[in-house]
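This report goes through one protein structure, from the overall chain to single residues. The sequence and the coordinates come first.

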Amino acid sequence: MSVQSAAADVDVDLRQLFASLARNWLRILLFVLVVTGLAFAFASFATKHYKAQTQVEIAPRESIYTRPAGSNNDGDKPILDEQGVATQVQIISSNEILKQVAQKLGLARLREFDETVNMSALSRVLILLGLKNDPMDVPADERVLKKMREKLNVFGVEKTRIIAIEFSSEDPKLAAAIPDAIAAAYIAGQGAAKSESNTAAADFLAPEIADLSKQVRDAEAKVAAYRAQSDLLMGGNNATLATQQLAELSTELSRVRANRAAAEGTADSVRKALQNGGSLDSLPEVLSSDLIQRLRERQAELRATIADLSTTMLDNHPRVRAAKSQLADLDAQIRNEAQKIMKGLVMQADAAKARESQLVSDVNQLKAASAQAGEQQVDLDALQRDAAAKRQQLELYLTNYREAASRQDRNYVPVDARVASPASVPSEPYFPKVGPIVGAAAAASLLLAAIFTLLRELFSGRAMRPAPGARFAPIDEVAMPATARQQPDAPEPSRLEPAVASGFVDRGAEAQWPEAVTEPQMVMQPRPVAEPEPAAKAESVAEVESVAEPEPVVEAQRPRSVLGEIDIEKAAEKLIASGAARAIFVSPEGDEAAASAILVAREVSDAGLRVLLLDLTASGAASRPMLDSGLFPGITDLLASQAQFSDVIHADLYSDCHVIPVGTADPVRAMRAADRLPIIMQSLTTAYDLVVVECGPADAQGISRLGAEATEVFLSMLEPDDEVTKAAVKLIESGYPDLTLVTPLGHEPPGTPGRRSAA
């Protein structure tokens with residue numbers, strides 16, 4: 001158990017502190033009245049300053065009727081963003097405009113703007129003594145501009161294109177006249193700038209137009225000369241004559257080829273019909289012949305006559321035979337006419353073929369002429385483009401020049417700014433304001449007087465009172481085993497923990513110490529102790545403060561043990577000096593004795609070594625005080641392959657030590673992999689300078705897997721009873737002759753001011 005103590009101190013008595021304001025009310029009131037009176041006098045006799053404001057709107061002033069031809073409605077509209085408005089603000093407050101206004105209004109003759117005018121005798125004396133700079137060293141224009149800038153404020157109104165011009169002066173009329181004059185000078189300057197730009201444009205365009213006119217004439221002359229030289233006669237659709245003729249001949253050639261193909265096809269059809277003795281009725285050319293049509297009609301009449309005669313006469317009848325003979329003659333005539341038609345088609349195909357050959361020859365000639373004309377047309381187009389571009393530029397220059405010349409002659413140059421709100425003569429000064437100044441002075445003086453009074457009362461000590469006694473507060477520390485505290489001259493236990501202390505005294509008095517111990521390492525020879533002097537006794541008394549009032553108490557001396565145990569500091573020093581890599585702690589008395597492993601691990605960690613505590617107790621008695629919880633993954637999770645090293649290693653909440661708790665996995669499953677414990681110990685020993693293992697009430701067989709070279713075994717004890725003695729003897733007999741007994745009793749962690757451990 002740990003407690004926190006506080007030394008007696010003093011506190012501030014707020015009631016007494018603020019009561020000092022009531023005791024010194026008259027002094028405070030007099031101070032406030034004096035300061036307020038001085039402020040009223042200053043505000044009444046101070047020079048009055050007046051302020052006026054002029055607003056200038058930045059917007060296009062060009063009329064729709066005077067806008068240059070070809071420009072849209074927004075062509076001349078200025079696009080002013082924040083940077084544009086800021087630029088106009090700088091132009092308005094420029095030295096050029098301020099100088100014009102100063103000269104126009106004669107500000108250099110006023111004392112308000114030039115202190116050399118009617119300079120007082122005191123100022124002259126100070127200048128002669130070198131206590132004040134001579135204003136005559138500065139040019140008059142700079143003196144006036146400096147004063148004007150101090151009184152001038154030009155700014156753009158937020159989210160608008162309006163610029164406000166504010167000016168303050170001792171003369172209300174002058175305060176209104178100066179911003180109006182600045183606005184007028186700005187607008188006049190903008191107009192002069194536009195007029196100058198317009199004049200410069202007209203002067204530039206005049207010689208350019210003359211040069212362009214000559215260039216246009218030369219370019220058009222080159223076009224005409226090249227066209228005549230190349231014989232590039234233009235036909236329809238803005239094409240050369242050769243190109244147009246080539247297109248027409250190509251169309252005619254296609255038509256002739258189609259006719260020739262049609263004639264040859266028809267002639268072949270008629271020829272095949274005649275050769276094969278087929279019917280000629282399916283041929284359109286045969287059917288279109290008038291003679292063949294009449295012969296076909298005659299054939300039909302004869303077939304009808306033969307049919308009529310066959311009903312009454314035989315085939316050898318002279319009339320029937322005569323009719324059949326006439327029908328055969330008609331068929332021969334039809335075939336003769338078909339042959340004539342075929343010959344005509346052949347002749348027509350031959351004529352079309354001859355015409356095609358002639359057209360092909362003409363087309364080839366026109367192709368060469370058209371190719372040559374195309375090359376020449378490229379050069380001609382280049383000359384025409386050059387002439388057209390120069391003519392277009394000339395026309396543009398002529399238009400702009402006419403506009404510039406007309407504006408120059410008529411002196412019409414619209415400025416993109418106007419005075420939106422002229423300044424008015426102010427009737428009331430803006431400085432000084434008597435009411436606000438007096439009120440602020442009264443409030444400030446009252447506050448200062450109150451603060452001064454409170455500080456004086458506080459520093460004098462009259463507002464202090466004794467602080468209440470220190471109180472104990474629990475601190476999250478390792479739960480230490482209890483021991484008895486006893487007053488030097490009183491047999492009863494300390495009032496901090498009476499039950500535990502008295503119980504420990506009773507057990508210590510009744511403990512049966514072993515008469516002999518077989519192992520010499522466990523025997524500590526008693527040493528003669530001299531009787532302490534009274535002064536030494538007074539110095540050894542521990543000061544412990546109770547809840548009601550501070551009361552000195554003295555820790556009772558623990559009965560001397562004959563087992564030869566050492567304290568926490570000695571155990572830590574032994575581990576550091578021996579360079580041990582592992583420290584195994586056995587606690588026969590259970591969870592309370594596990595505090596030794598925790599304290600030794602923290603002591604070695606505070607010495608600068610990398611220390612890890614491995615908790616192998618069943619209840620987690622060693623890791624729970626270090627982590628304030630037993631729900632962290634630990635060694636059982638690592639053995640059960642449910643976590644990795646990075647998941648089970650945690651930082652101690654109260655030191656730089658690291659700890660591996662018991663874990664949350666199934667212990668039965670974890671013990672099945674107990675063979676992995678030596679491998680885990682070897683890995684931890686490689687990563688840390690010291691690995692402290694708390695085994696609880698284990699025996700020699702239980703800790704056999706944890707040992708290796710450079711291993712120290714400790715037995716943690718609270719009371720020197722038979723149980724501890726038997727456990728120590730068994731460990732020594734089982735092969736651990738270098739067993740060291742360590743006790744956590746009486747240990748107080750260093751470096752924790754205000755903390756005490758109940759021992």
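## Basis

The model is predicted, so local features need pLDDT of at least 70 and side-chain atom pairs count only at pLDDT 80 or more, while totals for chains, interfaces and linings use all residues. Residues are numbered from 1 along each chain as its sequence is written, and side-chain values use heavy atoms, with hydrogens and water left out.

## Overall chain

The protein chain has 22 helices and 17 strands; helices (H or I, at least four residues) and strands (E, at least two) are DSSP runs numbered from the N terminus. Of its 759 residues, 36% count as buried. Buried means under 20% relative accessible area, exposed over 50%, and partly exposed in between, with a 1.4 Å probe and protein chains only.

Among contacts between residues at least 6 apart in sequence, 79% join residues at least 24 apart, a contact being heavy atoms within 4.5 Å.

## Nonpolar cores

A nonpolar core is a set of buried Ala, Val, Leu, Ile, Met, Phe, Trp, Tyr and Cys residues joined through side-chain atoms within 4.5 Å. The largest one has 34 residues, and I635, I703, L715, L731 and L739 have the most contacts inside it. Elements giving two or more residues to this core include β10 (582–586), β11 (611–615), α18 and α21 (677–687). α22 gives the most, with five residues.

Leaving aside neighbours within four places in sequence, L731 is in contact with V586, D699, A700, I703, L715, Y736 and L739. Another core, of 28 residues, lies apart from the largest one and has V101, A102, V154 and Y186 among its members.

## Second largest pocket

The second largest pocket holds about 530 Å³ of space. On a 1 Å grid over the protein atoms alone, a cavity is a set of points where a 1.4 Å probe fits but cannot get out, and a pocket is an open set with protein on both sides within 12 Å along at least five of seven lines; lining residues have an atom within 4 Å of a point. Grid points are joined across faces, edges and corners, and a volume is the space filled by probe spheres set on the points.

This pocket is lined by 24 residues, with L616, T617, L639, M671 and L677 nearest its centre. Two or more lining residues come from each of α18 (635–639) and α20 (667–671).

K151 lies in helix α6 (residues 140–151) and is buried, at 15% relative accessible area. Beyond four places in sequence, K151 is in contact with H49, E112, F113, E166, F167 and S168.

Q88 is in helix α3 (residues 82–92) and counts as buried at 14% relative accessibility. Not counting residues up to four places away, Q88 touches I163, Y186 and Q190.

## Backbone exceptions

Most residues other than glycine have a negative phi, and most peptide bonds are trans. A cis peptide bond joins F431 and P432, with omega about 0°; P432 is in the loop between β6 (418–421) and α12 (434–460).

K159 has a positive phi, near 60°, and lies in the loop between β4 (152–156) and β5 (162–169), where K159 is exposed at 80% relative accessibility. D628 also has a phi near 60°, in the loop between α17 (624–627) and α18, and is partly exposed at 44%.
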